[in-house]
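Hi everyone, thanks for coming. Today I'd like to walk you through some charged pairs and a pair of strands. Please have a look at the screen.

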Amino acid sequence: MTAVVTAYDIPEIRARMTEWTRDPGLDGAGNWYRFFVGPRPEDSAGEPAFPPLDDVGATIADTLRAQIPAAELFYVSANLTDLASHAATTLADYRLHPEDLPAPVGLMVYEHPPVTQTANALHNDVSLVSWGPGRGGLWVQTWGTIPDPLPTAVDVGRKLARLPRDHALSQMRKAAALNPPLPALDNKPASHDDAVDQAAKHLLATFTSNTERAPIPPSFSPPHGYQWCGLTPMTFTDMKGWPSALTEGTSAATIDAQLALQRTILTTWLLMGQTLVRSERIAAPRAARRRIERYDPALNQGIRLVDLRRARTTPADRHSDAFGQGTREYHHSWIVRGHWRNQYYRSRDDHRPIWIADHLAGPEDKPLIGGERVHVLRR
């Protein structure tokens, strides 16, 4: 089982990712994206972020090489992760503004994955998000931890990488000629060995074209411990039809999960700019700082830990003394469920969604509608 990542781990994670983006060898990001993404993947067709003559894999690798070292680091607590996941379900289409971002370039780790069903055979559910300027606006990239023990695909891929490339290609072409079925529940082999053999043959067939254009990365999955899951180019324009993405799957469940994830990321950014969230700056442990400094002393090692403030009894934009001062006299108090409110900002001549958290409304000395005993989840 993959260990839980804490806020203090993030600077060292970023240092390992930086090293990977700068590595010109076979295990570096440049060769990894040549192998797995290539110059023109099918799911980039029609994507305005990549002109027809652009090398998509090389462009992503070059972008990460510039962004990861410069990223401001964030750790999102479990409480805030849960709230963002919940609030995202009711967030309407929204026009993203540059000032909505907590930093122009960032790397954000959730205490636990905010959305399920974003995992595949190579990685766990998405728990890390990186972003920065890209062609057309903002590029948001998602990452998932690599399971422990290693998936069969990674194990087979590493074994193939140790073979002479011509020999590996020969084995792959033979497997592709057999057209092996995709491993699934309805064709599950009887034994574990047969299952591994079926997965290996499918992997051989799947990555034939990849191996023809680039050497197999020795680690197969990035050595820093996170698998790249996809790229979403977000534009600072009206988000009708948003979001779009370069994803690994095309099933309805995968599309729904990607949409939920991207809305949750946007919701997290919006919540981080509100008073219901507190931000605390912390530093990596001394031993980690020394290891990072030996690699690159210029890397920023500060982390912003973001969490929910203690629950209020009234929303942030309304003081409890305001109740009862109007012409209406309230005889009860009541619970207002969390919801979005469109707040107008004169500085940008536009509205911005503001999350109004669950709160107790009405006079505090009046009985609560529905009875006096209420179970409240404190954040």
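Let's start with a term we'll need: a salt bridge here is a side-chain nitrogen of Lys or Arg within 4 Å of a carboxyl oxygen of Asp or Glu. The idea behind it is simple: side chains of opposite charge can pair when their charged atoms come close. Keep in mind that this is a predicted model.

In one of them, aspartate 296 pairs with arginine 22, and their closest N and O atoms are 2.9 Å apart. These two come from distant parts of the chain, 274 residues apart: arginine 22 sits in helix 1, while aspartate 296 lies in the loop between helix 10 and strand 7. Is aspartate 296 buried or exposed? It is buried, at 12% relative accessible area, whereas arginine 22 is partly exposed, at 39%.

Now for another pair. Aspartate 100 and arginine 352 also form a salt bridge, at 2.9 Å from N to O. They are 252 residues apart, with aspartate 100 in the loop between helix 4 and strand 2, and arginine 352 in strand 10. Aspartate 100 is buried at 2% relative accessibility, and arginine 352 is buried at 7%.

That brings us to strand 10 itself, residues 350–356. Five of its seven residues are buried, so the strand is largely enclosed by the rest of the structure. Its neighbour, strand 9, runs antiparallel to it, and seven bridges join the two. For example, tryptophan 340 has tryptophan 355 of strand 10 as its bridge partner.

Finally, look for Glu72, Arg281 and Arg304, which are linked in a network of salt bridges.

Technical notes:
Residues are numbered from 1 along each chain as its sequence is written. This is a predicted model: local features need pLDDT of at least 70, side-chain atom pairs count only at pLDDT 80 or more; totals for chains, interfaces and linings use all residues. Side-chain values use heavy atoms; hydrogens and water are left out. Buried means under 20% relative accessible area, exposed over 50%, partly exposed in between (1.4 Å probe, protein chains only). Helices (H or I, at least four residues) and strands (E, at least two) are DSSP runs, numbered from the N terminus. Two strands pair if DSSP finds at least two bridges between them.
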